[in-house]
Amino acid sequence: MRSSALLLPAAAALAAAAAFAAPATKAVAVLQPTQGNKVEGKVTFTAAEKGLKINVHVTGLTPGKHGFHIHEFGDCSAPDGASAGGHFNPTGDPHAAPTDEKRHAGDLGNLEANKDGVADLEYVDHKAALDGASSVLGHGVIVHANPDDLKTQPTGNAGGRVACGVVGAAKAD
Ligand code: CU
Ligand code: ZN
């Protein structure tokens with residue numbers, strides 16, 4: 001009698017711990033405009049066989065390319081988005097293109113907006129992840145005013161920050 005009374009809470013605690021430890025398989029960042037901008041959108045991250053599937057829909061952009069990165073901090077509190085810090089770079093690599101082997105984990109390249117200011121992107125990234133050292137969970141997503149040139153250190157010279165969001169765990173499909 002006494003032991004079963006003790007076992008039940010222990011089992012519940014174990015189940016709770018297992019649920020907490022289970023790696024996220026999906027995450028979402030809702031992008032909000034920084035001060036003076038009207039860029040907004042949504043980024044969905046889904047664990048895929050060969051990496052991290054990234055789906056992006058952003059509106060309110062000027063036509064053309066816009067740097068698109070994961071930044072170190074999940075902090076969009078500064079009006080200009082500066083509180084998100086620099087590019088998320090857990091491996092200490094240089095800034096580069098998403099297709100490069102050595103790059104910031106946060107180097108997702110560019111979005112390209114059409115004449116209506118809408119950018120859609122879907123691809124599988126080989127470095128960003130939802131678990132381990134390169135997990136993007138809790139970090140920031142930034143869309144920039146200008147194109148990322150994929151080489152200028154350490155920012156890609158992408159200019160101001162026009163939208164900011166924080167990557168949070170989402171319910172798996
Ligand atoms: Cu950036
Ligand atoms: Zn970078």
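Start by selecting strands S7 and S8: five bridges join them, and they run antiparallel. Strands pair when DSSP finds at least two bridges between them. Helices (H or I, at least four residues) and strands (E, at least two) are DSSP runs, numbered from the N terminus. In this tour, residues are numbered from 1 along each chain as its sequence is written, and chains are lettered from A and ligands numbered from 1 in the order in which they are written. You are looking at a predicted model, where local features need pLDDT of at least 70, side-chain atom pairs count only at pLDDT 80 or more, and totals for chains, interfaces and linings use all residues.

**Stop 1: strand S7**

Stay on S7, residues 140-144. Pick Gly140. Its bridge partner in S8 is Val166. Now colour S7 by burial. A residue is buried if 20 or more other C-beta atoms lie within 10 Å of its own, exposed if 12 or fewer, and partly exposed in between; C-beta atoms are placed from the backbone. Five of the five residues of S7 are buried. Which residues lie on each face of S7? Gly140, Ile142 and His144 are on one side, and Val141 and Val143 are on the other. Both faces are covered.

**Stop 2: strand S4**

Four bridges join S4 to S7, and the two run antiparallel. Find His69. It stands opposite Ile142 in S7.

**Stop 3: strand S5**

Next, select residues 107-113, which form S5. Click Lys65 to start a pair: its bridge partner in S5 is Glu112. Why is S5 largely enclosed by the rest of the structure? Six of its seven residues are buried, so the rest of the structure largely encloses it.

**Stop 4: the core**

Now show the largest nonpolar core, which has 31 residues. Such a core is a set of buried Ala, Val, Leu, Ile, Met, Phe, Trp, Tyr and Cys residues joined through C-beta atoms within 7 Å. Leu31, Val58 and Val143 touch the most other members. Strands S1, S2, S3, S4, S5, S7 and S8 each give two or more residues to this core.

Centre on Val58. Two residues are in contact if their C-beta atoms, placed from the backbone, lie within 7 Å. Not counting residues up to four places away in sequence, Val58 touches Leu31, Val39, Gly41, Leu111, Ala119, Val143 and Ala163.

**Last stop: the whole protein**

Zoom out. There are one helix and nine strands. Buried residues make up 35% of the 173 residues.
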